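Please take a moment with the chain shown here before reading on. The paragraphs after it lead from the overall form to single residues.

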Amino acid sequence: MSADRRDPREEQVRRMLDGPHPALPPDLAARAVRHGGRRMRQRRAVRRTVGWLLAVVLAVFLVRVGVEQPWVTEPAQVTPPLEGW
């Protein structure tokens with residue numbers, strides 16, 4: 001593209017970037033650090049809670065399977081008839 005045939009949107013962006021920049025609050029970095037730390041602590045707490053819940057669910061499942069023993073077949077309730085005695 002030649003210099004005289006630029007996109008008007010590009011010119012507008014260039015003017016915005018070359019112009020005066022807005023002043024940032026002086027405590028912006030400190031607030032960002034506090035917010036990031038809080039989010040990290042929340043994520044860590046959620047991960048730990050989910051891990052504990054999964055461990056409890058696994059323990060309950062293992063106890064239930066050990067008590068009920070679903071792999072053992074139940075004895076027959078009806079005895080077969082005795083014929084030919």
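What follows is a walk through this predicted model, from the whole chain down to a few side chains.

This is a predicted model, in which local features need pLDDT of at least 70 and side-chain atom pairs count only at pLDDT 80 or more, while totals for chains, interfaces and linings use all residues. Residues are numbered from 1 along each chain as its sequence is written, and side-chain values use heavy atoms, with hydrogens and water left out.

The chain has 2 helices and 0 strands, where helices (H or I, at least four residues) and strands (E, at least two) are DSSP runs numbered from the N terminus. Its radius of gyration is 36 Å, well over the 12 Å that the globule rule gives for 85 residues, so the chain is more spread out than a compact globule; the radius is taken over C-alpha atoms, and the rule is 2.2 Å times the number of residues to the power 0.38. Along its principal axes, the C-alpha trace spans about 115 × 40 × 15 Å.

How much of the chain is buried? Buried residues make up 0% of the 85 residues, with buried meaning under 20% relative accessible area, exposed over 50%, and partly exposed in between (1.4 Å probe, protein chains only). The accessible surface of the chain comes to about 8800 Å², and 63% of this surface belongs to carbon and sulfur atoms; such areas come from the Shrake-Rupley method with a 1.4 Å probe, and for residues only the protein chains shown count as cover.

Helix 2 covers residues 28-68, which is 41 residues, and reaches 60 Å from its first C-alpha to its last, close to the 60 Å expected at 1.5 Å a residue; the expected span is 1.5 Å times one less than the number of residues. Just after helix 2 comes glutamine 69, whose phi is positive, at about 45 degrees, in a residue other than glycine. Glutamine 69 is partly exposed, with a relative accessible area of 36%.

Side chains of opposite charge can pair when their charged atoms come close. A search of the whole structure finds 4 salt bridges, each being a side-chain nitrogen of Lys or Arg within 4 Å of a carboxyl oxygen of Asp or Glu. One of them joins arginine 64 and glutamate 68, at 3.3 Å from N to O; both residues lie in helix 2, 4 residues apart, about one turn of the helix, and both are exposed. An α-helix has 3.6 residues a turn, so residues three or four places apart point the same way.

Another salt bridge links aspartate 27 with arginine 31, with 3.6 Å between the closest N and O atoms. Aspartate 27 is partly exposed at 36% relative accessibility, and arginine 31 is also partly exposed, at 37%. Aspartate 7 and arginine 9 meet in a salt bridge of 3.4 Å, N to O; here aspartate 7 is partly exposed at 25%, whereas arginine 9 is exposed at 61%.
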